[in-house]
Amino acid sequence: MAFTETVRQGFQKELEGIRASGLFKAERFIRSPQAADIEVEFPAGASPRKVINMCANNYLGFSSHPEVVKAAHAGLDARGYGMSSVRFICGTQDIHKELEARMTEFLGTEDTILFPSCMDANAGVFEAVLGERDVMISDRLVHASIIDGVRLCKAQRDIYQHCDMAHLASLLEKHAGRRLKVVITDGVFSMDGDCAPLDELERLCEAHGALLFVDDSHATGFIGRTGRGTPEKYGVRGKVDLITTTFGKALGGASGGCVSGRRELVEMCRQRARPYLFSNTIAPVVVAGVLRVLDMLTQSTERRDKLERNAAYWRKGLAEAGFILKEGDTPIVPVMLFNAKLSQDFSRDLFDEGVYAVGFFYPVVPPGTARIRTQISAGHETSHLDRALEAFVKVGRKHGILGKTKEELVGRYGA
Ligand SMILES: *Cc1c(COP(=O)(O)O)cnc(C)c1O
């Protein structure tokens with residue numbers, strides 16, 4: 001037995017350390033489908049209670065939409081449950097090709113390849129298209145899955161300060177001699193809810209002969225006038241060389257992701273991307289669900305319009321109540337508390353008031369910037385937002401944070 005008592009105690013000590021630093025992650029058990037109203041068992045064993053969900057990536061409310069569920073049922077009946085194969089052996093159905101074609105059309109690109117998740121898309125894409133003579137230059141705040149993808153690739157790396165175009169320009173100069181230069185950013189940054197200035201990025205890339213790569217996971221389906229994502233918002237549709245995105249957020253929230261962009265780059269992924277070559281195909285039931293979501297998104301902008309109205313309403317309500325928010329115009333609305341413990345206490349009190357929203361603190365966000373990240377959905381009605389605001393105000397009063405400046409909050413609670 002190699003897992004001796006000493007080895008066990010070593011791990012126990014490490015886990016205790018995580019607990020002691022307040023960083024231990026505990027799950028809350030949801031006893032209902034994902035939606036604006038959910039039933040949550042928390043703490044474990046407690047009787048489930050109804051709360052308003054303010055922290056799902058269910059931006060368009062498709063996660064348990066009756067039309068999506070119906071399409072998924074039909075897909076299950078027509079194409080079965082599992083594929084038991086990777087794509088290139090016997091894991092490609094007609095509907096997988098159909099979804100790739102539909103994403104290509106939706107995103108305005110040349111071709112698309114599906115991955116088991118966007119995490120996998122990001123893990124596979126750089127290694128598949130870049131080599132030692134190339135350089136990847138990424139925004140300091142890109143998603144963890146991009147950081148992992150960059151680590152797996154032999155190309156040289158560099159990092160520019162968050163959305164700092166002057167800094168990026170200097171790095172593009174510095175790496176002028178490289179074969180390929182790729183600038184890598186999130187479209188919408190998940191912790192702050194701000195957008196990368198894709199118009200400026202595109203111009204800069206054009207000027208320096210660099211490719212532009214955008215992870216649009218927090219944008220596809222709802223950012224831009226018709227929900228085509230940040231390239232639409234910034235008028236650079238068709239000019240982004242590679243887009244990765246997820247089906248695990250606005251597009252139904254089940255699972256799966258893709259790489260979409262220049263035909264040859266996508267083809268390189270089909271030849272070389274390891275998660276595509278070595279991990280199972282997306283289940284037909286999920287493919288059928290996403291196809292239905294795309295139908296609805298191309299027929300009408302009603303849901304993304306409602307989301308935009310909801311987000312503006314929520315932002316205005318919080319700001320008028322005297323909370324400090326991160327500026328932005330996406331459905332990600334961070335309520336700044338700065339202190340880690342305060343963010344945890346605040347989240348717990350919100351839950352007692354029937355609102356489910358999670359507090360984030362270091363190392364998930366930079367030290368001294370703890371916050372409650374709220375995420376708005378088209379599945380929210382105004383009544384949900386009003387009730388949630390009432391809870392925020394009540395808890396805000398309890399902790400004496402309404403109408404306070406950052407300095408006052410940090411002065412009282414520390415950062
Ligand atoms: C959520 C997210 C991912 C991961 O997507 P999955 O499909 O859940 O693996 C990747 N990149 C960004 C920017 C994300 O927000």
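**Salt bridges and domains in a predicted model**

Glu 41 and Arg 31 form a salt bridge, with their closest N and O atoms 2.8 Å apart. Glu 41 lies in strand E2 (residues 37–41) and Arg 31 in the loop between strand E1 (29–30) and E2, so the pair ties together parts that are 10 residues apart in sequence. The structure is a predicted model. A search of the whole structure finds 28 salt bridges. Side chains of opposite charge can pair when their charged atoms come close.

**Accessibility of the first pair**

- Glu 41 is buried because its relative accessible area is 10%, and the limit for buried is under 20%.
- Arg 31 counts as exposed, at 52% relative accessibility.

**Other salt bridges**

- Arg 387 and Asp 37 meet through their side chains in a salt bridge of 3.9 Å, N to O. This pair links distant parts of the chain, with Arg 387 in helix H15 (residues 382–398) and Asp 37 in strand E2, 350 residues apart.
- Arg 387 is partly exposed at 44% relative accessibility, and Asp 37 is partly exposed at 40%.
- Glu 5 forms a salt bridge with Arg 8, and their closest N and O atoms are 3.9 Å apart. The two residues are three apart in helix H1, so about one helical turn separates them.
- Glu 5 has a relative accessible area of 48% and is partly exposed; Arg 8, with 37%, is also partly exposed.
- A network of salt bridges links Arg 87, Lys 97, Glu 100, Asp 111, Glu 267 and Arg 270.

**The two domains**

- The protein chain is divided into domain 1 (23–53 + 302–413) and domain 2 (66–299).
- Between the C-alpha centres of domain 1 and domain 2 the distance is 29 Å.
- In domain 1, 15 residues are in contact with 15 residues of domain 2.
- About 1,200 Å² is buried between the domains, and carbon and sulfur atoms give 57% of this area. On the domain 1 side, Arg 304, Thr 330 and Ile 332 lose the most area to domain 2, together 41% of what that side buries.
- Three salt bridges are counted between domain 1 and domain 2.
- Lys 233 and Asp 329 form a salt bridge through their side chains (2.8 Å, N to O).

**A buried lysine**

- Lys 249 lies in the loop between strand E9 (242–246) and strand E10 (257–261).
- Lys 249 is buried, with a relative accessible area of 14%.
- Beyond its neighbours within four places in sequence, Lys 249 is in contact with Asn 57, Asn 58, Ser 217 and His 218.

**A nonpolar patch**

- Phe 3, Val 7 and Phe 11 make a nonpolar surface patch of about 260 Å².
- Phe 3 lies in the segment before helix H1 (5–20) and is partly exposed, at 39% relative accessibility.

Terms used:
Residues numbered from 1 in each chain as written. Predicted model: local features only at pLDDT ≥ 70, side-chain atom pairs only at ≥ 80, totals over all residues. Heavy atoms only, no water. Patch = residues over 30% accessible without salt bridge, like charges linked within 9 Å, V, L, I, M, F, W, Y side chains within 5 Å. Areas by Shrake-Rupley, 256 points an atom, 1.4 Å probe, with all protein chains shown as cover. Salt bridge = Lys/Arg side-chain N within 4 Å of Asp/Glu carboxyl O. Helix = DSSP H or I, 4+ residues; strand = E, 2+ residues; numbered from the N terminus. Buried < 20%, exposed > 50% of the residue type's maximum accessible area, 1.4 Å probe, protein only. Domains from an automatic or database assignment. Contact = heavy atoms within 4.5 Å. Buried area = accessible area lost by both parts, 1.4 Å probe.
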